[in-house]
Amino acid sequence: MRKEIVLDLETKSAPLAGEGRDVRSLGVSVAGAWSSADDRFRAYREPELALLGRALKGADLIIGFFINRFDLPVLQPYLDFDLRDLPVLDIFDDVTAKLGHRVSLASLAQATLGEGKTGRGLDAIRWYEEGEWQRLEEYCLNDVRLTRDLYRYGRDHGHLLFESYLDGKTVSVPVSWGMPDESEIRAIVQQAKTEARAMEIDYISRENAGDGFLKKRKIEIQTVRNDEIEAYDHLRQEVRNFRVGRIAGARLLDEPVKPRPVVQPLFHV
């Protein structure tokens with residue numbers, strides 16, 4: 001069984017604004033972790049961080065949100081090995097690479113899970129200064145739970161949800177840990193085009209038009225341009241555009257492509 005650990009931590013002080021900030025001197029007030037090995041949540045105070053380090057060193061995957069640029073650098077001074085050598089999945093990095101802009105843990109959790117955070121980072125610093133350890137640990141472990149549940153949702157559904165700041169709509173973003181390798185999808189797409197065969201795809205739409213985000217479609221490819229596939233959609237009975245990066249599964253069918261007029265699609269899915 002693969003050992004996965006979800007990690008989050010809180011700091012003693014707030015970081016300075018700016019992209020060039022050095023977070024290594026902020027200090028850890030409490031770190032929270034969930035381990036798949038025993039399905040338990042644990043809070044680690046500063047004197048216990050070596051125990052956390054040993055757990056991280058033995059994990060097959062460390063999962064977190066914004067941990068590559070925050071949590072791991074903050075934790076590094078407490079440990080005697082390089083955390084950059086660990087296998088890490090940073091949900092923030094994965095999602096922002098797909099979107100091209102930032103999105104918060106709170107936004108993803110609210111849209112995807114229907115749950116929110118129980119405080120803010122500045123609240124955690126105040127609770128540390130006031131010695132309110134129970135509130136601090138509960139807040140940290142709730143963020144661990146939200147991160148774990150987002151990871152599980154992405155693994156099981158191939159995408160996460162967030163509210164678009166452009167139009168306020170709930171939209172999807174595919175995530176790498178819930179999707180097949182894109183090279184595999186491209187190979188099947190190329191084979192379907194070369195052999196002029198229909199294919200069936202599991203497609204993650206950007207928006208939910210009433211039938212969910214994940215949809216099964218039978219298509220006949222007409223053209224492929226980089227990440228865009230122009231294909232006849234049997235369900236809509238018209239030509240539509242599909243993005244390779246949103247295909248969660250693909251299967252060749254023993255059906256030849258039929259001659260159809262090539263027209264420009266009016267809508268994107």
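**Figure 1. A look at helix α3 and its two ends.** In helix α3, which covers residues 91-99, the buried residues include Ile91, Phe92, Asp94, Val95 and Thr96. Keep in mind that this is a predicted model. Where α3 starts, Asp90 gets involved: one of its side-chain oxygens comes to within 3.0 Å of the backbone nitrogen of Phe92. After α3 comes Gly100, and its phi is positive, near 85°.

**Figure 2. Stepping back to the whole chain.** Here is some background for the other close-ups. The protein chain has seven helices and twelve strands. Its C-alpha trace spans about 70 × 40 × 35 Å along the principal axes. The chain has 269 residues, and 45% of them are buried. Now take the contacts with a separation of 6 or more: 63% of them come from residues 24 or more positions apart.

**Figure 3. Inside the largest nonpolar core.** This core holds 49 residues, and the ones that touch the most other members are Leu52, Leu56, Leu75, Ile91, Leu108 and Leu160. Which helix gives the most to this core? That would be α2 (residues 67-75), with five residues.

Figure 4. Tyr128 is partly exposed, because its relative accessibility is 25%. Trp133 also has a relative accessible area of 25% and so counts as partly exposed. Tyr151 and Trp177 make a stacked pair, with 6.0 Å centre to centre and 25° between the planes. Are Tyr151 and Trp177 buried or exposed? Both are buried.

**Figure 5. An arginine over a tryptophan ring.** In this view, look for Trp34 and Arg148. Arg148 lies over the face of Trp34, at 5.3 Å from the ring centre.

Figure 6. Start with β9 and β10: they run antiparallel, and six bridges join them. Thr223 is the residue standing opposite Glu230 in β10. These two strands make a hairpin with two residues between them, and Asn226 in the turn has a positive phi of about 55°. Next, β10 pairs with β11 (residues 238-243), again in the antiparallel sense and over six bridges. Here Ala231 stands opposite Arg240 in β11. This hairpin has four residues between its strands, and Gln237 in the turn has a positive phi of about 55°. How is β10 itself placed? Five of the six residues of β10 (residues 228-233) are buried, so the strand is largely enclosed by the rest of the structure.

**Figure 7. Asp233, a buried residue of strand β10.** Asp233 is found in strand β10. Its relative accessible area is 0%, so Asp233 is buried. What does the side chain of Asp233 reach? It gets to the backbone nitrogen of Leu235, at 3.0 Å. Not counting residues up to four places away in sequence, Asp233 touches Arg217, Lys218, Ile219, Glu238, Arg240 and Phe242.

**Figure 8. Lys215 and its surroundings.** You will find Lys215 in strand β9, which covers residues 214-225. Lys215 counts as buried because its relative accessibility is 10%, and the cut-off for buried is under 20%. Which side chain makes a polar contact with the side chain of Lys215? That of Ser205 does, at 3.3 Å. Leaving out neighbours within four places in sequence, the residues in contact with Lys215 are Ile201, Asp202, Tyr203, Ser205, Glu207 and Ala209.

Conventions:
Residues are numbered from 1 along each chain as its sequence is written. This is a predicted model: local features need pLDDT of at least 70, side-chain atom pairs count only at pLDDT 80 or more; totals for chains, interfaces and linings use all residues. Side-chain values use heavy atoms; hydrogens and water are left out. Buried means under 20% relative accessible area, exposed over 50%, partly exposed in between (1.4 Å probe, protein chains only). Rings of Phe, Tyr and Trp (its six-membered ring) pair if their centres lie within 6.5 Å; planes under 30 degrees apart count as stacked, over 60 as edge-to-face and the rest as tilted. A charge sits over a ring if NZ of Lys or CZ of Arg is within 6 Å of the ring centre and within 35 degrees of the ring normal. A polar contact is a pair of N or O atoms within 3.5 Å; within protein, one must be able to donate a hydrogen and the other to accept it, and residues adjacent in sequence count only if both atoms are side-chain atoms. Contact means heavy atoms within 4.5 Å. A nonpolar core is a set of buried Ala, Val, Leu, Ile, Met, Phe, Trp, Tyr and Cys residues joined through side-chain atoms within 4.5 Å. Two strands pair if DSSP finds at least two bridges between them.
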